[in-house]
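Dear colleague,

Please find below the structure that I am handing over to you. My notes on it follow directly after.

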Amino acid sequence: WKGGVTRLGATAAFSHTGSIAGSADIWSSMCQQARIISVHTAEQLLDLVLSFYHLPLPAGRRIAIVSGQGGFAVTTTDDCARMGLNLARLSPQTEARIREVIPPAGTSPRNPIDVSIKASMVPGLLVDALKILLETDEADIIYLISGQPDPGSVDALLKFRAGDRRALPKPVALT
């Protein structure tokens, strides 16, 4: 997490510490070459620390996104692409199984999977899609987006994991 990467921030850094903040382009290039994840806020830094602490390393770069809202799925897909992750290609069989558990209208079984806004009202919806994805080797990472981490979704995920400690053989994140 580096401050002083904008013109105004560099001026503030210089007046505060009496030193030059450094070029944002050089910082960005250095991070990219060293495979350092650069963050822009303290919240992002804390999210990464917690993720690295609690989640196993993924086997690869294929991510499956399950969202309660389509807009978040699209912006998350953009973020994943910027970070070098690839959307996992789901087989027709996996898509058919997901289609069976999500509402019939306003949804998509294709990755990113849109289970509809009902995910905030039906906590098991995200977990049902998760269970299907965990039974395949089509994704290395699974990211569940409820829009708001409501207690019902978190509880459903924790109960699922508590039933079998091996139930999450790959990184699964919930926001």
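How many helices and strands does the secondary structure of the protein chain come to? The secondary structure comes to 7 helices and 5 strands, where helices (H or I, at least four residues) and strands (E, at least two) are DSSP runs numbered from the N terminus. Along the sequence, the pattern of the protein chain reads α-α-α-β-α-β-α-β-α-β-α-β.

Please note that this is a predicted model, in which local features need pLDDT of at least 70 and side-chain atom pairs count only at pLDDT 80 or more, while totals for chains, interfaces and linings use all residues. Residues are numbered from 1 along each chain as its sequence is written, and side-chain values use heavy atoms, with hydrogens and water left out.

Of the 175 residues in the protein chain, 32% are buried (under 20% relative accessible area, with exposed meaning over 50% and partly exposed in between; 1.4 Å probe, protein chains only). Among contacts (heavy atoms within 4.5 Å) with a separation of 6 or more, 65% are accounted for by residues 24 or more positions apart.

Helix 6 is mostly covered, with 8 of its 11 residues buried. Those buried residues are Leu125, Leu126, Val127, Ala129, Leu130, Ile132, Leu133 and Leu134.

The axes of helix 5 (residues 92-101) and helix 6 (residues 124-134) come within 10 Å and cross at roughly 160°. Here the axes are lines fitted to C-alpha atoms, for helices over the stretch in contact, and angles run from 0 to 180 degrees between N-to-C directions. Helix 5 and helix 6 are therefore roughly antiparallel to each other, a term applied to angles over 145 degrees, with under 35 counted as roughly parallel, 65 to 115 as roughly perpendicular and the rest as oblique. From helix 5, Thr94, Arg97, Ile98 and Val101 meet Leu125, Asp128, Ala129, Ile132 and Leu133 of helix 6. The residues of this contact divide into 6 nonpolar, 1 polar and 2 charged (Ala, Val, Leu, Ile, Met, Phe, Trp, Tyr, Cys and Pro count as nonpolar, Asp, Glu, Lys and Arg as charged, and the others, Gly among them, as polar).

Ser116 lies in the loop between strand 3 (113-114) and helix 6. Ser116 is buried, with a relative accessible area of 9%. Leaving aside neighbours within four places in sequence, Ser116 is in contact with Ser67, Gly68, Pro103, Gly106 and Thr107.

Cys31 is buried at a relative accessible area of 2%, and Cys80 is buried at 8%. The count of disulfides (pairs of cysteine sulfur atoms within 2.5 Å) comes to 0.
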